[in-house]
Structures are given as C-alpha cells and as structure tokens.
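Have the model open as you read.

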Amino acid sequence: MGVGGTIGMIVTGLIADRTESHHPMFWIAAGLAAAGLVLVWFSAPDVGARTGGRPDIAGAVVLAGWLVCLLLGISQGNAWGWTSGGVLGLFGGAVALCAAWVAIELRVREPLVRLGLLVGQKSLSANVASALLGFSMFAAFTLISSFVQSPKDKIGYGLSGSVLDVGLYMLPSTVTMLLFSALAGRFAARLGAAHTLAIGSVFAGLSYVWLALSNAHGYDMLAFSAIQGVGFGIAYAALGTLAVQHVPMDQSGIASGINSLVRTTGGSIAGAVTAAILTGQVIAGTSVPTLHAYELCFWIVAAGAVLAAAVALGHGLRHREA
C-alpha cells in the first residue's frame, strides 16, 4: 500500500508537471483497475461453498445515504453556517438514515454489514481503531499535498513544491513502511496484535506532532514521512490480524471486509473535517488557509492516532492473547 501510493504520487507529479493536466492519470488509474480485475480473476479462484442469498441493495443505498448526509454536513458547515437549516437537516438526516440502516441490517437475511462483527464485544475495538487509523492516514493525503504546494514566498509557510515534490517527500514513508510492515509479524508474535497496533499508532501520532511543532523546512517533511511509515507499517499489519483473530474462520473474510469499510469511512470523515477547518480559517481577504489551520489539523489527526493506540491497548488488556 505504501509503495503503490508513493509511486502513484510520483507518477502523477511527473505527468502533471509536464502536461499540466491530470487527465492522463485518470486513464492510467482505470487501466490499473482493469489489470487488477484480471489478476483477481486468475489468482483468486472461487473454491468456497455457495450459501445463496441476494445482494443487500437496500442496506448499501441507505448506508451511502447517511454517509453522504454526514460528510456533506461537515464539509459545508462553514459555508452554510453550522446552525443553518441545511446543515442541521443533513445531520438529522444522517441520524435517521443510520437508524434505518441498522434496522435493515438486523432484518435482512444476508446483510451488507453483519452488526455482530461490527460492534461485537471483541470486534468493536478493532473497528474503532481501524476508523481512527483511516482518519489519520487519509488526512495526510490532502493535508500534505496542499501544504507542500503552498507558496512560502507569498503566504509565509509551505514548501513551494510541485505535485512531483509531494511524492518525493513521501519516499521515506515507502522505505520505512515496507521495512516495518515486514517486521510487524515478529512484534505481534512477541507482544500480541493489539499491543503491536498500539505501538504503530503511537508512531503515526508522533509523525503529526512533529509537523504540528516544526514544519518550515524540507527535512521536517522528510522526518514526518519516515516516522509515519514506521507507524502505519506496523499498525496496518497488526490491524489485519486483530480484525479476524476473534471471529470464526468461516467469517474472517466478512470481518476483514467490514474492517476495511470502517477504515475507508474514517478516511472520508478525515477529508471532510480537515477541509472544514482549512476553509474556516483563512488569511484575511483571501481563501488561503492560515498556518494555524494546518497546525490545528495536524494536532487533531495526531490525537486520532493516539486515541487508536489507547483503544488497541485497552483491547489487549481486556482480551489477553495466548
């Protein structure tokens, strides 16, 4: 994930800097998606027993509906006003649709999300940690890209970089993520998956603390990238184990899928929250975010990672691993 993401940013930077267009990247991404389908078709044969059932279309539609209401309300809070009828209506709609979604998932024969695997006694903490880590990781995609490209000579902060520079600054993350994800299995065997996840989450949080305290130089971004790679390399490797180790073997794929869904949801919320902060604190007379807005985002994202560490540590203490 780390290697592919960094290569993607570098390739995007090369194309964007030379062609001044992002359209070629959309075609490349579509081609990679098609290649992925072909690889799955040939490398993941369906050898399991078929249990029947139909797709939970109602659950999927209602889930999408309440997430759209929630994210749109957060992202438009500054523009419409947090107490405006539109924003309050969206939040109310999110609550109502979420309640309806729970009712649907409890009644349908083959639910999109098995709530027992989402909020079960031993699954809830893994899913909460996943959401918080998704919040921390996906927030970096928008925050770092925007911060690196901010013109320091005009607004007093940023690194005046290009799209390519964003990818180059994140190269240390690729190296450290690759190295420490390979070592995470040894850590988990000695400490347990929950405690390993807690350690990785702490490192992820420390990377954002670094940027919140020091962000004026290129080496600050390189240090952030290296520390972040250590954290997410360890955390995501351990998270995969934690998500499935307490569920029956025949439900491990479902539990893993739910954990991924929760992580993506956390990442979506991160984008809406950070956008709301950046657009809410701007330099007078412009639409450019202030340095304080970025630093506040770094602190919030760091807090999310540290909270994920606390959840994982609590899980490890409650459910001792053999």
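Searching the whole structure, which is a predicted model, turns up one cavity of 30 Å³ or more. Around the largest cavity sit Met-9, Ala-140, Phe-141, Ile-144, Ser-145, Val-166 and Met-170. Helix 7 gives the largest share of that lining, with four residues.

Now for the largest pocket, where about 340 Å³ of space lies. The lining of the largest pocket has 21 residues, and those nearest its centre are Trp-66, Leu-118, Ala-131, Val-262 and Thr-265. Two or more lining residues come from each of helix 3 (57–75), helix 5 (85–107), helix 6 (115–119), helix 7 (124–148) and helix 13 (252–280).

Here are the two linings by class:

| Space | Nonpolar | Polar | Charged |
|---|---|---|---|
| Largest cavity | six residues | one residue | no residues |
| Largest pocket | 18 residues | three residues | no residues |

On to the outside. Which residues form a nonpolar patch on the surface? They're Val-3, Ile-7, Val-11, Ile-28, Leu-32 and Leu-178, and together they have about 500 Å² of accessible area. Helix 1 (2–19) and helix 2 (23–43) each put in at least two residues, with helix 1 supplying the largest share of the patch, three residues.

Take Ile-28 from that group, which sits in helix 2.

Methods. Residues are numbered from 1 along each chain as its sequence is written. This is a predicted model: local features need pLDDT of at least 70, side-chain atom pairs count only at pLDDT 80 or more; totals for chains, interfaces and linings use all residues. Side-chain values use heavy atoms; hydrogens and water are left out. On a 1 Å grid over the protein atoms alone, a cavity is a set of points where a 1.4 Å probe fits but cannot get out, and a pocket is an open set with protein on both sides within 12 Å along at least five of seven lines; lining residues have an atom within 4 Å of a point. Grid points are joined across faces, edges and corners, and a volume is the space filled by probe spheres set on the points. Ala, Val, Leu, Ile, Met, Phe, Trp, Tyr, Cys and Pro count as nonpolar, Asp, Glu, Lys and Arg as charged, and the others, Gly among them, as polar. Patches are made of residues with over 30% relative accessible area and no salt bridge: like charges are joined within 9 Å, nonpolar side chains (Val, Leu, Ile, Met, Phe, Trp, Tyr) within 5 Å. Accessible areas come from the Shrake-Rupley method with a 1.4 Å probe; for residues, only the protein chains shown count as cover. A salt bridge is a side-chain nitrogen of Lys or Arg within 4 Å of a carboxyl oxygen of Asp or Glu.
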